[in-house]
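Hi,

Here is the structure we talked about handing over. Have a look at it first, and then read on for what turned up in it.

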Amino acid sequence: MQNTQATTSPLARTRLGRKLRKVAAFTILEVAMATFVMGFGIASSIITMQSGYKQIDLARGTTIAAQILQSEMERLRLMSWGMISALPASETFDGATHFSGNPGIAGKYSVTRTVAANASDPTDLKDLTVTVVWKTFDGRPHQRRFTANYAQNGLYDYYYTVAHP
């Protein structure tokens with residue numbers, strides 16, 4: 001059996017080695033481009049995640065604000081005409097006052113309740129407006145508002161005597 005290394009000249013072995021090295025490795029430019037693309041992808045995903053977190057925070061805040069509005073309107077609905085008439089024209093209080101004892105809500109949501117005589121029938125109707133104001137974690141202010149009519153003798157009396165006489 002013949003030894004192949006002995007018949008190959010050192011010059012031929014060096015050329016063969018260079019060819020193998022060129023095929024088996026990356027150039028510095030290829031590594032730099034791959035690093036740039038990878039860095040761009042990671043930076044883009046971080047920005048997208050931040051935007052997603054903002055939207056989640058806004059959705060969570062809107063849901064809690066809607067629950068506070070619903071809770072306050074239900075509380076007002078259960079009051080008598082005399083109690084509604086005795087309420088101040090405008091009152092601002094913390095969202096956790098009547099809604100929840102959760103420390104995450106306390107101080108974050110401000111509720112303003114407005115009671116005004118209705119323009120079309122000031123003696124038998126009141127306009128109730130509840131507004132909830134809060135800020136998201138990035139400091140942007142938001143508000144949600146709900147307005148309802150309150151009739152002295154109830155909804156049926158309002159419907160049959162005022163709305164559809």
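Predicted model: local features only at pLDDT ≥ 70, side-chain atom pairs only at ≥ 80, totals over all residues.

Let's start at Lys 135. Setting aside neighbours within four places in sequence, Lys 135 is in contact (heavy atoms within 4.5 Å) with Lys 108, Arg 140 and Pro 141. Lys 135 sits in strand 3 and is exposed, at 53% relative accessible area. By exposed I mean over 50% relative accessible area, by buried under 20%, and by partly exposed anything in between, using a 1.4 Å probe and protein chains only.

Residues are numbered from 1 along each chain as its sequence is written, and side-chain values use heavy atoms, with hydrogens and water left out.

The overall picture

The protein chain has five helices and four strands, in the order α-α-α-α-β-β-β-β-α along the sequence. These are DSSP runs numbered from the N terminus: helices are H or I with at least four residues, strands are E with at least two. Of the 165 residues, 22% count as buried. Among contacts in the chain with a separation of 6 or more, 50% are between residues 24 or more positions apart.

The four strands make an open sheet in the order 1-2-3-4, with antiparallel pairing; two strands pair if DSSP finds at least two bridges between them. Strand 1 (90-94) and strand 4 (141-151) are at the edges with a single partner strand each, so one side of each has no neighbour in the sheet. From one strand to the next the twist averages 15 degrees; for angles, axes are lines fitted to C-alpha atoms (for helices, over the stretch in contact), and values run from 0 to 180 degrees between N-to-C directions.

Going across the sheet, the pairings are:

- Strand 1 with strand 2 (residues 110-117): antiparallel, over five bridges. Asp 94 has Ser 110 of strand 2 as its bridge partner.
- Strand 2 with strand 3: antiparallel, joined by eight bridges. Ser 110 turns up again here, with Val 133 as its bridge partner in strand 3.
- Strand 3 with strand 4: antiparallel, over eleven bridges. Val 130 is bridged to Phe 146 in strand 4, and Thr 131 to Arg 145.

Strands 3 and 4 form a hairpin with five residues between them, and Gly 139 in the turn has a positive phi of about 90 degrees. Strand 3 is mostly covered, with eight of its eleven residues buried.

Helix 3

Helix 3 (residues 28-77) lies across strands 1, 2, 3 (125-135) and 4, at about 155 degrees to strand 3. Its 50 residues should span 74 Å at 1.5 Å a residue, and the end C-alpha atoms are 73 Å apart, which agrees. The expected span is 1.5 Å times one less than the number of residues.

Which elements do the buried residues of helix 3 pack against? They pack against helix 4 (81-86) and strands 1, 2, 3 and 4. Among those buried residues are Asp 57, Leu 58, Gly 61, Ile 64 and Glu 72.

Gly 61 is buried at 1% relative accessibility. Beyond its neighbours within four places, Gly 61 is in contact with Tyr 109 and Trp 134. Its C-alpha is 9.7 Å from that of Gln 143, 82 residues away along the chain.

Glu 72 is buried too, at 3% relative accessible area. Beyond its neighbours within four places, Glu 72 is in contact with Phe 93, His 98, Arg 113 and Val 130.

The cavity

A cavity here is a set of points on a 1 Å grid over the protein atoms alone where a 1.4 Å probe fits but cannot get out, and lining residues have an atom within 4 Å of a point. The search of the whole structure finds one cavity of 30 Å³ or more. Helix 3 gives the largest share of the lining, three residues.

Cheers

How values were computed:
1 Å grid on protein atoms, 1.4 Å probe; cavity = no way out; pocket = protein on both sides within 12 Å on 5 of 7 lines; lining within 4 Å. Points joined across faces, edges and corners; volume = space filled by probe spheres on them.
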